[in-house]
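The structure comes first, and the notes follow.

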Amino acid sequence: MKTKKNIAFYVFLSILFCIIYVTFAVRPLNTEYQFVPAWKIDTSTQAVSTPSPGEDVLSFHLGQTIGYFTKDGQLTSVTTFPFKASISNFYFTSYTADNSSVKFYTPEGSTAGTITESGFPFFVEDRIYVFLPGGSSFVRCNPDGSKRWQYGGTVPITAFDSSKAGCVAGFADGTVKELSPDGKVVQDFAPGGSDYPVILGAALSSDGRSVATISGQDRQRFVLAKRDGPQTKILFHEFVGGNDPHQRLVQFSRDDKTIWYNFKDGLGVVDAAGKKHAHIAIKGQALSLQEAGNLVFLLTKDGAAYTVYAIEKFDTLCGSFSFNARAAFIRTDGDNLFVGRDTTISRITLEKK
């Protein structure tokens, strides 16, 4: 009788173990992404048409051509230019090396204003800057193109970024200055750590509190710094492999929780607190990084070869594809990836499986 009770007890334990195992050991399959081609247009042959009222347009820059298109494959504007141009989703213009003033336009083609400062216009969303001749000074403009304020310096500007909280400029002497929307210097520091401390890349968070930089030769260094009252506090830094004089991509995520930075043959990733970081191997120089939900797309260039990397946050490389081209770009909008190649633009829809 006692033996039967022992058997029943062990059977009960076995059944209980199975229930617990099934409950806690089963995990859902990882989400997989499928890239589904949607359409392809040729900017050199497709006719330009007017978008529907209220329809958003996306800007593109391919070689000596700029313009706008919709996510449904409608080409709404195409402009070729002989020297330089700047474009955002709000404004566009082309200019020469010696222009004394330049008109700029809305995506619909209407004149938005006239920039009266001599130099090189630069649009970041709806913010307008002009880099003045000599390369050491710049102007922030009002929406009509008139001068709002000017930063005047003597050291060449080697890196620049802007957010709604202001802008940050890096200089050839290794100094970094953050300016508020009204032109006041609110942060001024030098990352240091290298024999030749030139700033090769800089980024400003959307709240204006944090700055990230890549700098130097004979030990290139990444630094994540945060403004703490009148002081600048270093949250994270590391020396990264390789030395070359190329400008470097440095970028905050839309939510400011992640920072990406490019160094020779690698992409660094660090969280905003500086407590978690990783490296991802890539080929070539990073040109553009775009977010799409939980994915990040990185465009790099190595000679004539361009590569698009798909990275799942935080640091999981999902895949990549390469192509040869004279010019290329990537853009994202929702679950769509747009890839420009020479004169064509393709839309790829991301589907979760």
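## Cysteines

Cys 141 is buried, with a relative accessible area of 3%; buried means under 20% relative accessible area, exposed over 50%, and partly exposed in between, using a 1.4 Å probe and protein chains only. Cys 167 is buried as well, at 0%. The structure holds 0 disulfides, a disulfide being a pair of cysteine sulfur atoms within 2.5 Å.

## Basis of the model

This is a predicted model, in which local features need pLDDT of at least 70 and side-chain atom pairs count only at pLDDT 80 or more, while totals for chains, interfaces and linings use all residues. Residues are numbered from 1 along each chain as its sequence is written, and side-chain values use heavy atoms, with hydrogens and water left out.

## Strand pairing

Strands here are DSSP runs (E, at least two residues), numbered from the N terminus, and two strands pair if DSSP finds at least two bridges between them. An open sheet of 4 strands runs in the order S9-S10-S11-S12, with antiparallel pairing. Strand S9 (120-124) and strand S12 (147-151) stand at the edges with a single partner strand each, so one side of each has no neighbour in the sheet. On average, neighbouring strands of this sheet are turned by 25° against each other, direction ignored; the axes are lines fitted to C-alpha atoms. Strand S11 (residues 138-141) pairs with S12 in the antiparallel sense over 4 bridges, and the bridge partner of Cys 141 in S12 is Lys 147.

Strand S7 (residues 102-105) and strand S8 (residues 111-115) also pair in the antiparallel sense, over 4 bridges. Lys 103 has Thr 114 as its bridge partner in S8. S7 and S8 form a hairpin with 5 residues between them, and Gly 109 in the turn has a positive phi of about 100°.

## Aromatic rings

Rings of Phe, Tyr and Trp (its six-membered ring) pair if their centres lie within 6.5 Å; planes under 30 degrees apart count as stacked, over 60 as edge-to-face and the rest as tilted. The count comes to 27 aromatic pairs. The rings of Phe 122 and Phe 160 have centres 6.2 Å apart and planes at 80°, so this pair is edge-to-face. Phe 122 in strand S9 and Phe 160 in strand S13 (residues 157-163) are 38 residues apart.

Phe 122 is partly exposed, at 32% relative accessible area, whereas Phe 160 counts as buried at 17%. Phe 131 and Phe 160 also form an edge-to-face pair, with centres 5.0 Å apart and planes at 85°. Phe 131 lies in strand S10 (residues 127-131), so its pairing with Phe 160 ties together parts 29 residues apart in sequence. Phe 131 is buried, at 18%. Ring pairs link a cluster that includes Phe 122, Phe 131, Phe 160 and Trp 149.

Thr 232 lies in strand S20 (residues 231-240) and is partly exposed, with a relative accessible area of 28%. Leaving aside neighbours within four places in sequence, Thr 232 is in contact (heavy atoms within 4.5 Å) with Gln 187, Phe 189, Ala 225 and Lys 226. A polar contact of 3.0 Å joins the side chains of Thr 232 and Gln 187; such a contact is a pair of N or O atoms within 3.5 Å, and within protein one must be able to donate a hydrogen and the other to accept it, while residues adjacent in sequence count only if both atoms are side-chain atoms.

Arg 227 is found in strand S19 (residues 220-228). The side chain of Arg 227 reaches the backbone oxygen of Gly 208 at 2.9 Å. Beyond its neighbours within four places in sequence, the contacts of Arg 227 include Glu 178, Gln 187 and Arg 209.

Technical notes
Axes are lines fitted to C-alpha atoms, for helices over the stretch in contact, and angles run from 0 to 180 degrees between N-to-C directions.
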